[in-house]
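Please consult the sequence and the model alongside the text.

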Amino acid sequence: MTLPDRARAFFKVNGQGFAVATMVAIVAQFLSEHYGAPAMLMALLLGLAFHFLAESGPCVAGVAFTSKTVLRIGVALLGVRISVDQIIELGWEMIAMIIAGVALTIVFGLLSSRLVGRGWRLGLLTGGAVAICGASAAMAIAAVLPKDEKSEQNLIFTVLGVTILSTVAMVLYPIITQWFGLDYVQSGIFLGGTIHDVAQVVGAGFSVSEETGDTATLVKLMRVTMLAPVVLIFALSIRAFTDSKDDDGERPPLLPFFVIMFLVLAAFNSLGLVPGAVQGIISDISRWALLISIAAVGMKTSLRIVQEVGGQSIVVIVAETIFIGAFILWGITLLSEVS
């Protein structure tokens, strides 16, 4: 079979499901731009309404492809937004605090999840999503976790939870910075170090001041940088310390290809090999790929599954959010006393 024939066969199988997920993402983006609703949340909720397309019919294969492969493409392309210069600019004290916040939040999530009887998979998934970059981290981590009967339920809950909590934080956290008398830079550190999703970090930061917005964005990108090493550590740990396998009997990959591409693009950007215009284009492609894939994830999930999550999971993700907020606030206070 020639390459054009393979391409036609591929699009014949996957094209319809991908097209529907793309249309859902476009509608979600329209609602975000015109009514202020979070695009990720809208894509997820709209996708849930089209669950019937993922159960049977010509869209099934395309929805599965979009929710998995397009997702990994979007995560990989996030690397183009990261550079070593951005990280160094923060200073070693700030870098240490952010790394500690990410690590401790994941550990807290793992322990609290096991405490309420929900298992280690949910703990790693929610802890990583809260600690790093919300929905994008949740989808990247889910790609390396061994699948079981609750995998899709855990993923859809985590994406929904971090998106809602990010939206609440975008409104509430600027008020908290005023309560504690934080200056513009400290406010940016707090907002960038605690809010889950990048879009809400930007919204909260620039609602305070331009200086706060710039600082918040920089701190948030440092947390995004942690995505690749965390996913790698998860993959290595799962292979070394568990016998967990997917439902199809396969173990998660040692080093997922999308993580390698994330690191390669980050390296290229750090070396100045990615022009600004190209970086903007790739960033847009990444954002759209993630939006389309989360629409497909919603399409694969029934509302019945979401309703089965239970109150324990809600307690876990809210507790993780409170934990990282308290830790970063404590770190800011400590650093200000030292300086």
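## Basis of the model

The model is predicted: local features need pLDDT of at least 70, side-chain atom pairs count only at pLDDT 80 or more, and totals for chains, interfaces and linings use all residues. Residues are numbered from 1 along each chain as its sequence is written, while side-chain values use heavy atoms, with hydrogens and water left out.

## Threonine 158 in helix 8

Threonine 158 belongs to helix 8, residues 151-179; helices (H or I, at least four residues) are DSSP runs numbered from the N terminus.

With a relative accessible area of 0%, threonine 158 is buried (buried means under 20%, exposed over 50%, partly exposed in between; 1.4 Å probe, protein chains only). Beyond its neighbours within four places in sequence, threonine 158 is in contact with Leu122, Leu125, Thr126, Ala129, Ala138 and Ile317, where contact means heavy atoms within 4.5 Å.

## A nonpolar surface patch

Valine 168 is also placed in helix 8, and its relative accessibility of 45% makes it partly exposed. Together with Ile164, Leu172, Ile175, Trp179 and Phe180, Val168 forms a nonpolar patch on the surface, whose accessible area is about 600 Å² in total.

Such patches are made of residues with over 30% relative accessible area and no salt bridge, nonpolar side chains (Val, Leu, Ile, Met, Phe, Trp, Tyr) being joined within 5 Å. A salt bridge is a side-chain nitrogen of Lys or Arg within 4 Å of a carboxyl oxygen of Asp or Glu. The areas come from the Shrake-Rupley method with a 1.4 Å probe.

## Aromatic pairs

Rings of Phe, Tyr and Trp (its six-membered ring) pair if their centres lie within 6.5 Å; planes under 30 degrees apart count as stacked, over 60 as edge-to-face and the rest as tilted. The count by this rule is four aromatic pairs. One of them, phenylalanine 108 with phenylalanine 323, is stacked, at 4.6 Å centre to centre and 10° between the planes. Because phenylalanine 108 lies in helix 5 (residues 92-115) and phenylalanine 323 in helix 16 (residues 311-338), this pair ties together parts 215 residues apart in sequence. Phenylalanine 108 is partly exposed at 27% relative accessibility, and phenylalanine 323 is partly exposed at 25%.

The pair of phenylalanine 327 and tryptophan 330 is tilted, because the ring centres are 5.8 Å apart and the planes stand at 45°. Both residues lie in helix 16, three residues apart, about one turn of the helix. Phenylalanine 327 is buried at 15% relative accessibility, whereas tryptophan 330 is exposed at 52%.

Methods
Helices (H or I, at least four residues) and strands (E, at least two) are DSSP runs, numbered from the N terminus. Patches are made of residues with over 30% relative accessible area and no salt bridge: like charges are joined within 9 Å, nonpolar side chains (Val, Leu, Ile, Met, Phe, Trp, Tyr) within 5 Å.
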